[in-house]
Amino acid sequence: MVSGENGAGKTSMLEAIAYGSALRSFRNSPRESLVRTGASSATVRMEVTDGSHRSLVEIGIAPPARDQVLRNKQRVLRAQELLETVRTTIFTPDDMALVKAGPQERRDFLDDLAVSARPRLLPVRQAVERVLRQRNVLLRQAGGRETRDVAATLDVWDDQLARAGSELTEARETLVAELLPLASSAFVRLTNLEQGLGLEYRRSYDGDLAGALAARRGEDLRRQMTTAGPHRDELLVASGGLDARTRLSQGRQRCVTLALRLGAHAVVGMRAGVPPVLLLDDAFSELDDTTARALVAELPLGQAILTTAGPLPPGARPDAVVELRGGRIVA
Amino acid sequence: MTKEDAVRLARAIVEVKERTVLCSVCFNIGMGERCAICADERRDGSVVCVVEDPRDIVAVERTREFRGRYHVLGGALSPIDGIGPEQIRVRELLARLEPEHVAEVILCTNPNLEGEATAMYLARLLKPLGLHVTRIASGLPVGGDLEYADELTLGRALEGRREAAT
């Protein structure tokens, strides 16, 4: 457990650990803001023990240069190698966005889960994001007119999007099927309700993506954006037939969020063979006593690091307590 | 760095700038109207290897596997960077095909998103002209381990599989 007053650096500590597994901030902080004001670079250094296997991970962050990543003093060229070394699951008070905000949050959740469970999907996810940017810029440059050059170049971007996009969509659908029973049972235990969670992945197109892109080309050119693809799909979450986003109470929504995170944690643990390190950033502050107790009981085996500005969550028995003040460990 | 070294370095940079030009045929870096490869009569002019950048020629030449000629596009399709077919030397490539009796074009662009898109664009343009168009294989690093290959690479390697040697 990490304790300390507000601004002591608790979240930064978790952010550093999470950065060491994904090379991105769970707060979506730009890399520049990860470096202390006035300093030119930041370093994350951690020792990871996995069974009898130990690794030393070191990351040098000095924007605008690319991160220097070393594992056991050897350069790591692909982020996915790091994902295979350290996995993390994170809970934060901002998590409510997962249920309350738009579909993008839930797509990101699924993609983070996909990459965590299968690091080899990282290049697929990156390809989808990049090809979409390329295609959308091309659609804007075309200004609604399909000249021969535009048609010929759209053809090749469509082909790239269809390949990577279909792969990502299929991976998401597989994960939703794996996640459903795990998240649903966690939800039942957290709420004491009889009804579990319903998850439905809804594609933004019928049939195959290549066909959908071809069929919608006219519309895409007119609207200057890509209207079919994984970036327009939705993950619908419901409980007892009620849409979690619009029809559930705040308290229930919080339990939906926690259940999705716990389910994702279990999926990654099963896929990877070892449970990820669980990072709980002030996750208990908004919970009532009953839910907090239920969450502590849910905390799976494995390592969990939690931060709090107040007292210990009810029922928690930490192995070690670290106190932070002014960005330093003081006890 | 001593002052003499600095002056020598500065002279070298100026000299490179003054003496190197782009080859008028393939757009490789050279010292004259035509680069050393285009000027070499022993090279097979019927096979053209299309690359994005002159540095890629150096890489392919190091393999000593290729005896044909090159064509440097000067980039890859990337709308984000404002690069469309007009900005890479596609027209110049088309103009070379007939006079040089080109029979095969090897698409040797980078195996990333933009390189793949460029290769596919060129393939669709060149194949209807009756040329033999090939793409360099993407696949597993020699001495590598299947278990550690990412799915894209492994997928490409499967797509590009060939008859086993016996």
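**Figure 1. The salt bridge of A:Arg325 and A:Glu323 in the predicted model.** A:Arg325 is exposed, with a relative accessible area of 53%. In this predicted model, its side chain meets that of A:Glu323 in a salt bridge, with a distance of 3.4 Å from N to O. A:Glu323 is partly exposed, at a relative accessible area of 30%. Over all chains, the count of salt bridges comes to 35.

**Figure 2. A network of charged side chains in chain A.** Salt bridges link A:Arg135, A:Glu146, A:Asp155, A:Asp158, A:Arg217 and A:Asp220 in a network.

**Figure 3. The interface of chain A and chain B.** On the side of chain A, 25 residues are in contact with 22 residues of chain B. Between them, the two chains bury about 2,200 Å², and carbon and sulfur atoms carry 56% of this area. Three salt bridges are found across the interface of chain A and chain B. The side chains of A:Asp159 and B:Arg124 also meet in a salt bridge, at 3.5 Å from N to O.

**Figure 4. The cis peptide bond at A:Pro64.** The peptide bond that runs from A:Pro63 to A:Pro64 is cis, and its omega is near 10 degrees. A:Pro64 belongs to the loop between β3 (53–61) and β4 (68–71) of chain A.

Figure 5. A:Gln224 is a residue other than glycine, yet its phi is positive, near 55 degrees. A:Gln224 is placed in the loop between α8 (217–223) and β8 (234–239) of chain A, and with 28% relative accessibility it counts as partly exposed. B:Phe27, likewise not a glycine, has a positive phi of about 70 degrees. The loop between β1 (21–22) and β2 (29–30) of chain B holds B:Phe27. At 16% relative accessibility, B:Phe27 counts as buried, because the limit for a buried residue is under 20%.

**Figure 6. The surroundings of A:Ser239.** Strand β8 of chain A contains A:Ser239. This serine is buried, with a relative accessible area of 7%. Apart from neighbours within four places in sequence, A:Ser239 is in contact with A:Phe187, A:Gly196, A:Leu197 and A:Leu248.

**Figure 7. Two salt bridges within chain B.** B:Arg96 forms a salt bridge with B:Glu100, and their closest N and O atoms are 2.9 Å apart. B:Arg96 is buried, at a relative accessible area of 6%, whereas B:Glu100 is partly exposed, at 25%. B:Arg135 forms a salt bridge with B:Glu116, the closest N and O atoms being 3.3 Å apart. B:Arg135 lies in strand β6 (residues 132–135) and B:Glu116 in helix α5 (residues 113–126) of chain B, so this pair ties together parts that are 19 residues apart in sequence. B:Arg135 is partly exposed, with a relative accessible area of 28%, while B:Glu116 counts as buried at 13% relative accessibility.

**Figure 8. The setting of these views in chain B.** Chain B has six helices and six strands, which follow the order α-β-β-α-β-α-β-α-β-α-β-α from the N terminus. Along the principal axes, the C-alpha atoms of chain B fill a box of roughly 60 × 45 × 40 Å. Of the 166 residues in chain B, 39% are buried. The accessible surface of chain B comes to about 10,400 Å², with 55% belonging to carbon and sulfur atoms.

Note on methods
Residues numbered from 1 in each chain as written. Chains lettered and ligands numbered in written order. Predicted model: local features only at pLDDT ≥ 70, side-chain atom pairs only at ≥ 80, totals over all residues. Heavy atoms only, no water. Helix = DSSP H or I, 4+ residues; strand = E, 2+ residues; numbered from the N terminus. Buried < 20%, exposed > 50% of the residue type's maximum accessible area, 1.4 Å probe, protein only. Areas by Shrake-Rupley, 256 points an atom, 1.4 Å probe, with all protein chains shown as cover. Contact = heavy atoms within 4.5 Å. Buried area = accessible area lost by both parts, 1.4 Å probe. Salt bridge = Lys/Arg side-chain N within 4 Å of Asp/Glu carboxyl O.
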